[in-house]
Amino acid sequence: MSTAQEFETQAVSPQMLQGPKPFAASYAGEHVAGTEFVIGALFVSWGVGAGDILLGLLFGNLLAVLTWGLITAPIATDTRLTLYAYLEKIAGPGTIKLYSVVNGALFCVLAGAMITVSASAVRVLFGIEDQIGYFPSDYRFVLVVLGVGAVVVYMAVKGFKKLAAFAEVCAPWMILMFVVGALVMLPTTVAVTSGVDSIGSFGDFLKVASESIWKDTDGEIGIWHVAAFAWVANLAMHGSLGDMTLLRFAKNPNYGYFSALGMFIGHYMAWICAGIMGAGAAILLGTTITAIDPGSVAFTALGASGILAVIIAGWTTSNPTIYRAGLAFSSLNHTWGRTRVTTVVGIITTIIACSPFVFSGLLGFVGYMGLLLAPVGAIIVTEHWIFSKIGLTRYWSSYKGNTTNLAAVITWIVSMVVGVAVEQTGLLHLFFILIPLWIFSTVLYIVLASAMGAKEAYPEAEAAEAAESKRQAAEREYLQTAAPAQARKITTPMTATIAKYVSWGALLYCAYMGVSAYMTQDVQTITTWLIVPTLVYFITATYAHIASLDKANPEA
């Protein structure tokens with residue numbers, strides 16, 4: 001499932017299909033990142049009640065999982081194409097160029113936010129004040145951002161594969177840091193909650209959460225806003241079908257439900273834990289959560305390990321995002337070369353990152369990102385599933401020889417304009433626009449496509465559908481008859497085995513320190529000493545991982 005194959009135009013062969021493990025691992029690791037520190041803390045500042053947060057996130061993340069499982073994965077496994085390849089088949093190469101520009105620009109802003117998140121941790125080391133405004137208040141923060149950005153861009157250009165492997169090492173530790181940080185900060189929130197001395201039941205936790213973490217200010221934001229945001233947060237990947245690139249390799253469309261691992265670990269547990277950390281840090285620092293950035297939150301809860309957590313969370317997200325932005329823009333002209341384009345994109349992204357507003361306004365940006373990309377998902381779903389049911393011809397524009405499907409382009413542009421107008425006039429909240437916009441895009445595309453040629457019959461269509469049916473039948477036969485591949489037995493060096501067990505022990509000790517800090521209410525000890533088992537974990541886990549990769553790929 002290499003990202004280097006992003007723009008393949010041919011369906012994945014049956015021999016390349018994979019079982020469940022890679023998809024479970026991918027979703028479990030991908031959605032615990034720098035954004036979680038930002039979003040979890042911003043929920044606290046929304047003034048939404050604890051019950052609305054807990055139930056809203058539960059419902060919204062369930063909707064996201066269902067979208068992956070019922071829409072994205074079935075289309076991906078049916079076509080075996082990337083989003084880019086399938087959109088080009090439907091809407092033509094002209095549309096792909098426009099889509100790549102929009103997608104690439106959105107990726108740049110998102111990557112910029114993550115570089116800013118990493119810089120918010122590094123700035124703690126230099127005594128620079130929290131950066132929470134629209135523009136930096138200290139020139140030294142700009143220098144920090146430029147330094148962090150330079151490292152991130154270099155790694156995006158040179159070391160994507162090794163970074164992806166290192167991200168696998170980071171994932172279990174990152175998940176644990178959210179839990180440990182919440183445990184460390186919970187006693188602080190308990191101490192300022194009247195009538196609760198300790199958390200002995202869920203009722204006690206709910207009282208603490210309602211009075212000292214997610215305080216209901218009776219504002220306009222409620223449970224449905226939370227649920228809608230949880231669904232919208234990854235709409236580019238599920239509702240707009242970006243994860244076709246990943247799921248086209250799945251043997252079974254049900255693998256789309258592995259997204260639950262990412263949603264309920266990263267976008268439920270991690271967001272809640274980040275909210276607890278943010279509320280506790282604000283209490284200890286004697287300020288409000290809107291006056292501190294992710295670096296301060298993590299440093300207050302976890303000390304040096306918190307700084308490391310924010311740095312890693314930021315760059316493990318920004319790196320592949322810059323890489324994908326480079327791929328998107330390089331698709332405009334393949335002679336430019338991915339390396340050159342990625343470098344230019346990285347420089348632009350780093351400049352964007354110098355302004356802290358890119359992460360302080362992240363919730364709104366994610367909503368607008370969904371608004372801009374949702375019509376594309378609607379167009380693909382309409383052509384893939386609805387056209388054949390209402391007597392229209394799939395891929396009609398390509399049969400007419402069009403380089404650009406004007407019906408698709410007009411639908412996309414009009415839908416975006418309508419969506420922005422609805423949001424700007426206040427008719428609907430940004431997070432509530434997506435479903436009506438999807439319906440509007442579907443109807444508009446059917447009307448325009450019908451008028452422009454989708455009603456016509458094309459001789460090529462019947463032959464193409466027959467060829468596709470034949471390909472799918474051959475795939476099914478292969479999956480039914482192919483013998484399971486025998487895994488090559490790999491002998492792991494003794495030192496790597498020992499290192500692996502030591503890394504597990506280090507993780508367990510990190511967890512023990514978190515529980516101990518919760519029981520003893522001793523924040524100082526964990527902020528001072530958590531870095532020790534953390535460093536032990538990274539040294540041993542990285543060694544064990546590299547040793548296993550070298551043994552599995554002796555020619556690499």
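This is a predicted model: local features need pLDDT of at least 70, side-chain atom pairs count only at pLDDT 80 or more; totals for chains, interfaces and linings use all residues.
Colleague: How many disulfides does the structure hold, and what is the cut-off for calling a pair of cysteine sulfur atoms a disulfide?

Modeller: The structure holds zero disulfides, and the cut-off is a pair of sulfur atoms within 2.5 Å. Cys170 is likewise in no disulfide, since the nearest cysteine sulfur, belonging to Cys510, is 13 Å away.

Colleague: Are Cys108 and Cys170 buried or exposed, and how do you know?

Modeller: A residue is called buried when its relative accessible area is under 20%. Cys108 has 6% relative accessibility and therefore counts as buried, and Cys170, with a relative accessible area of 2%, is buried too.

Colleague: Turning to the helices, why are α4 and α16 called roughly perpendicular to each other?

Modeller: Helix α4, residues 83-91, packs against helix α16, residues 362-386, at an angle of about 65°, and their axes are 11 Å apart. Angles of 65 to 115 degrees count as roughly perpendicular, and α4 and α16 are therefore placed in that class.

Colleague: What is the handedness of the crossing in which α4 passes α16, and which residues make the contact?

Modeller: The crossing of α4 past α16 is left-handed. On the α4 side the contact is made by Leu83, Tyr86, Leu87 and Ile90, while α16 contributes Val376, Ile379, Ile380, Glu383 and His384. Sorted by class, the contact of α4 with α16 comprises seven nonpolar residues, one polar and one charged.

Colleague: What makes you describe α4 as largely enclosed by the rest of the structure?

Modeller: Seven of the nine residues of α4 are buried, and so the helix is described as largely enclosed. The buried residues of α4 are Leu83, Tyr84, Ala85, Tyr86, Leu87, Ile90 and Ala91. After α4 comes Gly92, which has a positive phi near 90°.

Colleague: Which residues other than glycine have a positive phi, and where are they placed?

Modeller: Among them is Leu241, which is not a glycine and yet has a positive phi of about 70°; Leu241 is placed in the loop between α9 (223-232) and α10 (244-247). Another is Gln521, whose phi is near 60°, and Gln521 is found in the loop between α21 (494-520) and α22 (523-529).

Colleague: How do you know whether Leu241 and Gln521 are buried or exposed?

Modeller: Leu241 has a relative accessible area of 0% and is therefore buried. Exposed means over 50% relative accessible area, and Gln521, at 54% relative accessibility, therefore counts as exposed.

Colleague: Where do Thr339 and Thr442 lie, and with which residues is Thr442 in contact?

Modeller: Thr339 has its place in helix α14, residues 338-353, and the C-alpha atom of Thr339 is separated by 9.0 Å from that of Ala156, although these residues are 183 residues apart along the chain. Thr442 lies in helix α19, residues 434-454, and, leaving aside neighbours within four places in sequence, Thr442 is in contact with Ala378, Thr382 and Ile386.

Terms used:
Residues are numbered from 1 along each chain as its sequence is written. Side-chain values use heavy atoms; hydrogens and water are left out. Buried means under 20% relative accessible area, exposed over 50%, partly exposed in between (1.4 Å probe, protein chains only). Axes are lines fitted to C-alpha atoms, for helices over the stretch in contact, and angles run from 0 to 180 degrees between N-to-C directions. Helices (H or I, at least four residues) and strands (E, at least two) are DSSP runs, numbered from the N terminus. Angles under 35 degrees count as roughly parallel, over 145 as roughly antiparallel, 65 to 115 as roughly perpendicular and the rest as oblique. A crossing is left-handed if the near helix is turned anticlockwise from the far one by less than a right angle, and right-handed if clockwise. Contact means heavy atoms within 4.5 Å. Ala, Val, Leu, Ile, Met, Phe, Trp, Tyr, Cys and Pro count as nonpolar, Asp, Glu, Lys and Arg as charged, and the others, Gly among them, as polar.
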